[in-house]
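Subject: Structure for you to look at

Hi,

Here is the structure I promised. Please open it first, then read my notes below.

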Amino acid sequence: MLTRNCLSLLLWVLFDGGLLTPLQPQPQQTLATEPRQNVIHLPGQQSHFQRVKRGWVWNQFFVLEEYMGSEPQYVGKLHSDLDKGEGTVKYTLSGDGAGTVFTIDETTGDIHAIRSLDREEKPFYTLRAQAVDIETRKPLEPESEFIIKVQDINDNEPQFLDGPYIASVPEMSPVGAYVLQVKATDADDPTYGNSARVVYSILQGQPYFSIDPKTGVIRTALPNMDREVKEQYQVLIQAKDMGGQLGGLAGTTVVNITLTDVNDNPPRFPKSIFHLKVPESSPIGSAIGRIRAVDPDFGQNAEIEYNIVPGDGGNLFDIVTDEDTQEGVIKLKKPLDFETKKAYTFKVEASNLHLDHRFHSAGPFKDTATVKISVLDVDEPPVFSKPLYTMEVYEDTPVGTIIGAVTAQDLDVGSSAVRYFIDWKSDGDSYFTIDATEGTIATNELLDRESTAQYNFSIIASKVSNPLLTSRVNILINVLDVNEFPPEISVPYETAVCENAKSGQIIQIVSAADRDLSPAGQQFSFKLSPEAAIKPNFTVRDFRNNTAGIETRRNGYSRRQQELYFLPVVIEDSSYPVQSSTNTMTIRVCRCDSDGTILSCNVEAIFLPVGLSTGALIAILLCIVILLAIVVLYIALRRQKKKDTLMTSKEDIRDNVIHYDDEGGGEEDTQAFDIGALRNPKVIEDNKIRRDIKPDSLCLPRQRPPVEDNTDIRDFINQRLQENDVDPTAPPYDSLATYAYEGNGSVADSLSSIESLTTEADQDYNYLTDWGPRFKVLADMFGEEESYNPDKVT
């Protein structure tokens with residue numbers, strides 16, 4: 001049984017490995033001439049009466065990859081049953097790699113690989129073969145397809161595509177703790193042989209770690225690996241194919257493994273006693289020293305909390321943790337005094353904040369040390385007996401009066417004398433003085449509470465033995481009030497009494513004010529002056545609460561008889577010495593309705609008729625305002641009519657005579673008018689056609705009376721008038737050229753108002769009506785203005 005199994009296994013290996021390829025049975029001569037060849041028989045076309053012998057069809061060839069021989073590698077042979085060996089059959093090859101990778105002998109059908117092949121690049125090729133008659137070029141049989149498979153060899157080593165690796169594992173982990181899994185890949189064919197069968201092993205990193213040869217899982221191999229002893233490990237991993245057998249290819253990678261920290265170490269003080277020296281002048285809250293406990297752990301496992309154990313001196317100091325250095329910083333909570341106590345001793349405890357319960361059995365994670373603090377003597381400035389001195393002085397205190405004293409002493413061993421002086425930078429330096437030896441404070445000027453009620457300044461004390469050592473204290477002096485001002489009515493009152501007032505009626509409530517700083521409970525009293533108490537019309541009722549009321553003493557008051565009453569009121573305070581003042585109040589008599597509401601207090605209202613009501617007065621005033629408005633409107637309309645007369649109608653084409661904002665017709669205006677011709681009557685300007693404005697037809701103007709004295713001007717004007725009258729293209733405002741030249745001997749002389757000796761009212765413009773229709777507008781304007789007389793307006 002064993003022998004038969006072994007034989008079966010051997011045959012399977014031979015056939016699967018491609019060492020033997022089954023062939024189709026061939027005639028005896030064919031087998032003799034081509035022994036042990038891979039042959040594919042193509043089905044041929046046979047006669048119906050001939051019986052064809054057929055075997056199985058084997059349609060797959062094998063070729064080794066990476067073939068390095070000098071001759072082309074033989075792959076196999078194609079053969080058709082119709083091929084009788086007479087050279088009449090031609091074999092053709094097509095498909096993947098035909099002609100470039102594989103060639104075929106057209107006569108024999110032998111197939112060769114003409115270059116080296118790589119299975120990892122292309123594992124197989126699909127080709128098609130056909131037998132063709134050489135003479136007719138016709139296929140002898142249908143096209144057949146077959147496969148050439150590239151047979152794998154072990155030419156690729158395993159590779160770690162993800163390497164190098166980085167991993168971590170907690171320190172003190174047990175044996176077999178998982179670290180990391182590595183994986184190598186082999187490009188060879190995993191279905192053929194052992195070329196892609198990978199086995200893992202550790203080349204470097206033992207005995208700390210181990211690896212599973214099949215899965216590549218890395219685990220710890222030693223117990224209690226301590227990070228504080230060694231933190232980093234570099235493990236070299238090898239992957240070998242062929243199942244790790246001799247001759248297999250191998251690849252390597254590096255795995256960097258770090259031991260992560262766990263809190264397996266308690267903090268420890270490097271020494272049991274710490275000595276610190278602190279000057280007695282250290283301020284409260286300052287750091288006076290540092291101590292440190294050592295914890296070999298890392299990160300939060302090394303965080304330490306410090307506490308002072310209650311005991312001697314523990315209430316004077318505090319300790320906090322420096323987060324950066326994990327040191328215990330000792331701070332001062334209360335001031336130190338060398339003369340009182342020179343040394344302090346207390347204990348400090350250091351413990352971890354984050355504990356690991358797995359290591360509680362090793363003992364408490366805390367440690368204790370003793371701290372001894374020695375207080376150093378410092379030459380200190382004098383110390384005042386109070387932090388603030390408050391004093392009081394009356395405002396009428398004579399100059400030089402002592403109002404208080406300050407005291408400072410040197411508390412150091414071998415005390416020194418102290419000197420006092422006022423800080424000259426403060427505001428109270430000129431009002432007070434201090435005795436440098438005794439420290440007594442006296443007034444230097446007269447004080448006025450109403451000017452300054454409080455003084456605040458500083459006094460400096462220095463040691464005689466060391467004047468640079470000084471201390472300062474604030475002095476607050478309150479100036480007390482002396483009753484020197486009499487009380488007065490707090491605000492001016494506007495008091496009124498109705499004509500129909502009744503006797504005993506309160507018409508006004510008044511209060512008083514005192515510029516003195518009145519003490520609590522001060523009372524003001526109100527009364528009439530003695531001269532006004534004889535047959536008074538009004539009296540004062542004191543309410544005993546620092547207010548009083550003005551009370552009527554008769555029934556009814558008349559504005560016709562007396563409009564104003566003056567009431568002198570005497571006000572006294574209750575301080576010492578008593579101060580008083582007389583305040584005169586003015587009381588106005590007013591007309592009121594039956595409810596006591598004031599209707600009128602004006603003096604003019606007294607002289608109006610008795611039966612005239614307020615509504616009637618308002619109506620009369622309204623009528624007067626309307627009449628005034630009508631008069632003003634009428635005057636404004638008359639003035640507006642005068643202005644409109646001076647202005648020409650917009651429909652008149654000659655409105656440019658008075659509208660001085662007319663810009664003209666542009667460049668063509670300059671062609672129409674020659675300023676030289678206007679100023680020299682001897683220049684005759686040629687007629688020029690105006691293209692900008694086409695005026696209406698004009699009538700010939702009437703001839704003006706001849707000018708007696710200046711004939712040249714008359715002739716020139718007549719000539720210009722004739723030229724323009726007959727010219728239909730002449731501009732409508734050519735009259736400007738006429739008046740721009742004054743000439744010699746003109747009746748009107750100069751037209752300028754600057755040198756005119758007569759007023760505009762003295763001018764006679766009636767002759768303008770004789771100048772024709774062109775001057776009708778000017779004649780109407782000046783003639784109407786002359787005829788207008790504002791005095792005739794009614």
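**A buried isoleucine**

I373 is buried, because its relative accessible area is 1% and the cut-off for buried is under 20%. Keep in mind that this is a predicted model. I373 is found in strand β22, residues 366-376. Which residues does I373 touch, leaving out those up to four places away in sequence? They are L276, V278, I288, F317, K342, A343, Y344 and F346. G289 is 84 residues from I373 along the chain, yet their C-alpha atoms are separated by 9.3 Å.

**Aromatic pairs**

The structure holds 16 aromatic pairs. One of them is F102 with Y125, which is edge-to-face: 5.2 Å centre to centre, with 75° between the planes. F102 lies in strand β5 and Y125 in strand β7, so the pair ties together parts 23 residues apart in sequence. Both residues are buried. The charged end of K122 sits over the ring of Y125, 5.4 Å from its centre.

Now take F432 and F457. Their ring centres are 5.5 Å apart and their planes are at 20°, so this pair is stacked. F432 is in strand β28 and F457 in strand β30, 25 residues apart. Both are buried. Together with Y431 and Y455, they form one aromatic cluster.

**An open sheet**

Four strands form an open sheet in the order β9-β15-β14-β11, with mixed pairing. β9 and β11 stand at the edges with a single partner strand each, so one side of each has no neighbour in the sheet. β11 pairs with β14 in the antiparallel sense over five bridges. I202 has I237 in β14 as its bridge partner.

Best wishes

Notes: Residues are numbered from 1 along each chain as its sequence is written. This is a predicted model: local features need pLDDT of at least 70, side-chain atom pairs count only at pLDDT 80 or more; totals for chains, interfaces and linings use all residues. Side-chain values use heavy atoms; hydrogens and water are left out. Two strands pair if DSSP finds at least two bridges between them. Helices (H or I, at least four residues) and strands (E, at least two) are DSSP runs, numbered from the N terminus. Buried means under 20% relative accessible area, exposed over 50%, partly exposed in between (1.4 Å probe, protein chains only). Contact means heavy atoms within 4.5 Å. Rings of Phe, Tyr and Trp (its six-membered ring) pair if their centres lie within 6.5 Å; planes under 30 degrees apart count as stacked, over 60 as edge-to-face and the rest as tilted. A charge sits over a ring if NZ of Lys or CZ of Arg is within 6 Å of the ring centre and within 35 degrees of the ring normal.
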